[in-house]
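User: I am new to this structure. Please walk me through a few of its local features.

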Amino acid sequence: MKLSNFNYNLTPEHIAKYPAKYRDESRLLVLDRKTGEIKHHVFKELIQFLDEGDLLVFNNTRVFPARLYGNKEKTGAEIEVFLLRELNKEQRLWDVLVDPARKIRIGNKLYFGENDALVAEVIDNTTSRGRTLRFLYDGSYDSFKTTLFKMGEMPLPKWIRKKVENIDTERYQTIFAKHEGAVAVPAAGLHFSRELLKRLEIKGIEKTEITLHMGIGHFRTVDVEDLSKHKMDSESVIISEENANIINKTKSSGSRVVAVGVTVLRAIETSVTTKKEIKPFTGMTNKFIFPPYDFSIPSAMITNFQLPLSTMLMSVTAFGGFDYVMHAYNLALKEGYRFGVYGDAMLII
């Protein structure tokens, strides 16, 4: 498969600017990956397609307010800083992206907040856009983290809309988010409400959670036509022994393992034995799934409608079948489905 295979005509009008009024009332396109049959539903009707004993695997990562606005010393030039990951807790070191990158050099100081409440020094240029910052803060770590996140905004993608509204503090987060560390929300999980989870539980549908802290890698431009030459950024994954046992037990019983989102798909396919069982894993993954790919763990998946040329679209087509998924996308465009993180969902069974 080549990069150009994953292009399609997505206009701005098809991208959801805001979430649905209620989480579980987005639209749901159901695709049978064996026959290509397509059905149209509302997300809360997902329960119709799941059976007792089936297992939903969620990503319980929590998005932190990663976007900061500050000023460069002396010139006062406005600088946007996007926090990627904490490198060293004691030294207050963070891996970040800065914009505009050309204005920042090693040794520059950046000031954030009223009365320059927070100061950072650039100590390394790691990539053309990336930097390492040391935050200069004398208080406790907890006080520093509170101050840092108080100044940040939820990192809503700018292709949705420029200004982050109050609604995003709640809705750009799943209801089961627990472990802080993501700079983007696992969008497929946004459709689950407490009411829907309770109804699924009553029907006997199981759930478990893994953690993949979604980084910026999913959104980096793929700049090679030959996908085998693309290198994904690494992301942190945690799969406990308990969760691995639950997944393996479901698989061996003949019930379905349903990956809720591309991040779950990637995480559970990272740590697989030769017997096609999942094993506990704590570490980093740079796994890149694109067609053709032989899946070991999931038998169904839930996903949002992904953007053209994105690695997430490539992973979805690997699971659902390239022709079937791309046909479903074209139909979704004609039917007025909403695309992107706040958009509608697809169930592939």
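User: Which side chain makes a polar contact with the side chain of Thr-61?
Analyst: A polar contact is a pair of N or O atoms within 3.5 Å; within protein, one must be able to donate a hydrogen and the other to accept it, and residues adjacent in sequence count only if both atoms are side-chain atoms. For the Thr-61 side chain, the distance is 2.7 Å. The partner is His-213.

User: What should I know about the model itself?
Analyst: This is a predicted model, where local features need pLDDT of at least 70, side-chain atom pairs count only at pLDDT 80 or more, and totals for chains, interfaces and linings use all residues. Residues are numbered from 1 along each chain as its sequence is written, and side-chain values use heavy atoms, leaving out hydrogens and water.

User: Is Thr-61 buried or exposed?
Analyst: Buried means under 20% relative accessible area, exposed over 50%, partly exposed in between (1.4 Å probe, protein chains only). Thr-61 has 1% relative accessibility, so this residue counts as buried.

User: What is the phi of Lys-276?
Analyst: Most residues other than glycine have a negative phi. Lys-276 is not glycine, yet its phi is positive. The value is near 60°.

User: Is Leu-309 buried or partly exposed?
Analyst: Leu-309 also has a positive phi, about 65°. Its relative accessibility is 33%, so Leu-309 counts as partly exposed.
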